[in-house]
2 protein chains.
Amino acid sequence: VQVPVWIRGQESLTIVSPARHEMAMLGLGRSVGTGPDGITAEVIRAESFDAFQALTDEAIRGRIVLFDAPYEGYGRTVPYRVDAASVAARRGAVAVLVRSVGLDGMRTAHTGAMRYAEDADQIPAAAISTEDANQIARMLARGDTVRAQLHMDARTLEDRTSHNVVGEIRGSTRADEVIVVGGHIDSWDVGQGAQDDGVGCLLAMEAVRLIHASDLRPARTLRVVLWTNEENGLRGGKAYALEHADDLDHFFAAMETDTGNGLISGFRFDLRAAALDDAATEAELTAARDRGLGLLESLAPLLAPLDAGSMLLSYSGADIGPLAEAGVPSIGVSHDTSEYFRIHHSDADTFDRINMADMQNNAAVLAIMLYALADMDASLRP
Amino acid sequence: VQVPVWIRGQESLTIVSPARHEMAMLGLGRSVGTGPDGITAEVIRAESFDAFQALTDEAIRGRIVLFDAPYEGYGRTVPYRVDAASVAARRGAVAVLVRSVGLDGMRTAHTGAMRYAEDADQIPAAAISTEDANQIARMLARGDTVRAQLHMDARTLEDRTSHNVVGEIRGSTRADEVIVVGGHIDSWDVGQGAQDDGVGCLLAMEAVRLIHASDLRPARTLRVVLWTNEENGLRGGKAYALEHADDLDHFFAAMETDTGNGLISGFRFDLRAAALDDAATEAELTAARDRGLGLLESLAPLLAPLDAGSMLLSYSGADIGPLAEAGVPSIGVSHDTSEYFRIHHSDADTFDRINMADMQNNAAVLAIMLYALADMDASLRP
């Protein structure tokens, strides 16, 4: 798989007035750099895209815009990280700062991928810690003019070759029917990627190892896939789906775990329109989803002793997204994420924060679920 | 006051084998730098000074030594930060790393002052986060040889002029008897120094302001002193005591708050030998301490409604140490420090972590205590 190569390089953000202050910051993935002289400009603040659009062109032009949106859950707040640079560039801003998308930490900035729209200039984009965003807000609230100097050496090089990692245990009686389970093997350059997504990779491997070590021979093939480049392009997941475009019928289900090491409460069933034929109605899709969810719910009693029997209709995951989009029944894993977003994409995502007892519990949950799916009579397809 | 000028500069610590890994590190105050080429060497680990001394010269010479002492309270563990460089240099080490002196954080390294002994070479010294110390320990435990590259631009410049900040409200009937209360106005270059010791300065000022705003006229003079350079030389506290060497008799008591914003549980009475004449016995000193403690305990009922009536014989504080050493009755403030050592001397010591309700409670406690001391009939001196 060819993957993008984005290099952070040296970077810094310094408030130069009303008082000199070094910010805790991290450039966002794919961002351009500032050039060696950096960018020094006034900082203005917007709490939301709507508040930003209400500003005058004069207020925005030549300024660094801080998008200081409160954290309202990852899915709701992450568009600021992804889209703010283009939104601000269209109106003449010279750089954007984004309040870190995550819970308050210990002055840890959270990086992550951003994206440039085709119709906007490419301006540098960085995340700052929630504490530093609050400080800028306090300065502005008391009427100070805030000026900052942003320096980022960030640059993107030629694509390089990377690899998905694949291993499987063959099924005993339905070996051509494959259940994919995995996580992503890449991580951000800061921290260690322990929860995002080292633990997801380990859980998939360990669950399948547990089945194998127990001398169980599931009917279907269990295949562990560790996808590359989830974080900054999703090239691994896309390439895997493309590579198997001609044999998608052989995929019984695709599952991934990519939200840390919190205890697993259950699973999320994700069936997309492509699973049905083109003439299918919305009602037929809903019926197919309900039927699949019902099959998962029939497995819930097996998982109830580990408090992991919650079955929902919802989003599955990023790496199996291309498979799901192509019609493969997909299953997301519901972890307790109450602490996950405090550390993910930050320096704090370290091995020390992996609780071994929780990981063993989660591997057991996955093993039970995978074995049950592998031996299930019915299909999750419509 | 002339104060030392220590500049951190750029710094980094990279594990280069068995796998490349950037460490979360902070150079220690007063440390020398590595020179532009840095230091690349094998890392060895010692859990204690005793364990270090048990190592062979061959194991130490040319190595970077990680002192990975578990945190057993600030006073017990801080000698590793202060003395490790000289201890290791005497046996041929080329640099030292110290496990951050504090609670586990979110991969935040804790800086602080170190000191070079006169009989040892000066080698660079840096703190690494507890999580990174644990990673090195894991690598070594599985038999890997760990090599690291340390780069520190740290340097010490000529002393510069700084100032203590002093303000007071004059006493009504005993104005020549002074109660000093304060904190230190300097902080480390990382973080914002919000708890160490911005909040201590604020508490002293706010307590005296509360008394003034309440139209109370205490008998004795209440003087707020914000000392400079506590962190890296104690020059402010030393200069203040020296400046008042001839009128120390006028100091009724000296008080400081320098352990964060946790709720105040009470006070610590600190009376040193110089408070008695040269011929005094240990028994007389003990009796004098007990008498002073008894006087503080007589104030405890006033503080009981705020749960701040605990009175102990113990250490008072660093900035008033020179006054205490010269015989001034000194009083430390006992804050709840259960969270303080997670953030002090680190990037995480920010204004966001100051709880306003706790601060108001603490200012009220100080105001009550100061007013009671200012109007107390008896002296705290022997």
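Predicted model: local features only at pLDDT ≥ 70, side-chain atom pairs only at ≥ 80, totals over all residues.
1. The peptide bond that runs from D196(B) to D197(B) is cis, with omega near 10°. Here the second residue, D197(B), belongs to a helix, α5 (residues 194–213) of chain B.

2. Next, two backbone angles to look up while you have the model open. D215(A) is not a glycine, yet its phi is positive, near 60°. You will find D215(A) in the loop between α5 (194–213) and β13 (220–227) of chain A. Because its relative accessibility is 69%, over the 50% cut-off, D215(A) counts as exposed.

3. N229(B) also has a positive phi, of about 60°, without being a glycine. Its loop lies between β13 (220–227) and α6 (235–243) of chain B. Is N229(B) buried or exposed? With 6% relative accessibility, which is under the 20% cut-off, N229(B) counts as buried.

4. Now to the place where the two chains meet. In this model, 21 residues of chain B are in contact with 21 residues of chain A. Together the chains bury about 1,700 Å², and 51% of that lies on carbon and sulfur atoms. On the side of chain B, the residues that lose the most area to chain A are M106(B), R107(B) and D352(B), which together make up 37% of what that side buries.

5. What kinds of contact cross the interface of chain B and chain A? The salt-bridge rule finds 6 of them there. One to look at is the bridge between the side chains of R353(B) and E131(A), at 2.6 Å from N to O. Between chain B and chain A there are also 12 residue pairs in polar contact, with both residues at pLDDT 80 or more. Two elements of chain B, α4 (130–141) and α9 (340–343), each give two or more residues to the side that touches chain A. Of these, α4(B) gives the most, with 5 residues. Sorted by class, that side of chain B has 4 nonpolar, 9 polar and 8 charged residues.

6. T350(A) is a handy residue for seeing both chains at once. It lies in the loop between α9 (340–343) and α10 (356–375) of chain A. Leaving aside residues up to four places away in sequence, T350(A) touches Q192(A) and A194(A) in its own chain, and R107(B) and E131(B) in chain B. T350(A) counts as buried because its relative accessibility is 0%.

7. Last, the aromatic rings. Over all chains, the search finds 20 aromatic pairs. One of them joins F67(A) and Y80(A) in a tilted arrangement, 6.2 Å centre to centre and 40° between the planes. This pair links distant parts of the chain, since F67(A) is in strand β6 (residues 64–67) and Y80(A) in helix α3 (residues 74–89), 13 residues apart. Both F67(A) and Y80(A) are buried. Ring pairs also link F67(A) and Y80(A) with F49(A) and F52(A) into a cluster.

8. For a second ring arrangement, turn to chain B. Y340(B) and F341(B) form an edge-to-face pair, with 4.9 Å between the centres and 70° between the planes. Y340(B) is buried, as is F341(B).

Terms used
Residues numbered from 1 in each chain as written. Chains lettered and ligands numbered in written order. Heavy atoms only, no water. Contact = heavy atoms within 4.5 Å. Buried area = accessible area lost by both parts, 1.4 Å probe. Salt bridge = Lys/Arg side-chain N within 4 Å of Asp/Glu carboxyl O. Polar contact = N/O pair within 3.5 Å; in protein donor to acceptor, adjacent residues only side chain to side chain. Helix = DSSP H or I, 4+ residues; strand = E, 2+ residues; numbered from the N terminus. Nonpolar A, V, L, I, M, F, W, Y, C, P; charged D, E, K, R; others polar. Buried < 20%, exposed > 50% of the residue type's maximum accessible area, 1.4 Å probe, protein only. Phe/Tyr/Trp six-rings, centres within 6.5 Å; stacked < 30°, edge-to-face > 60°.
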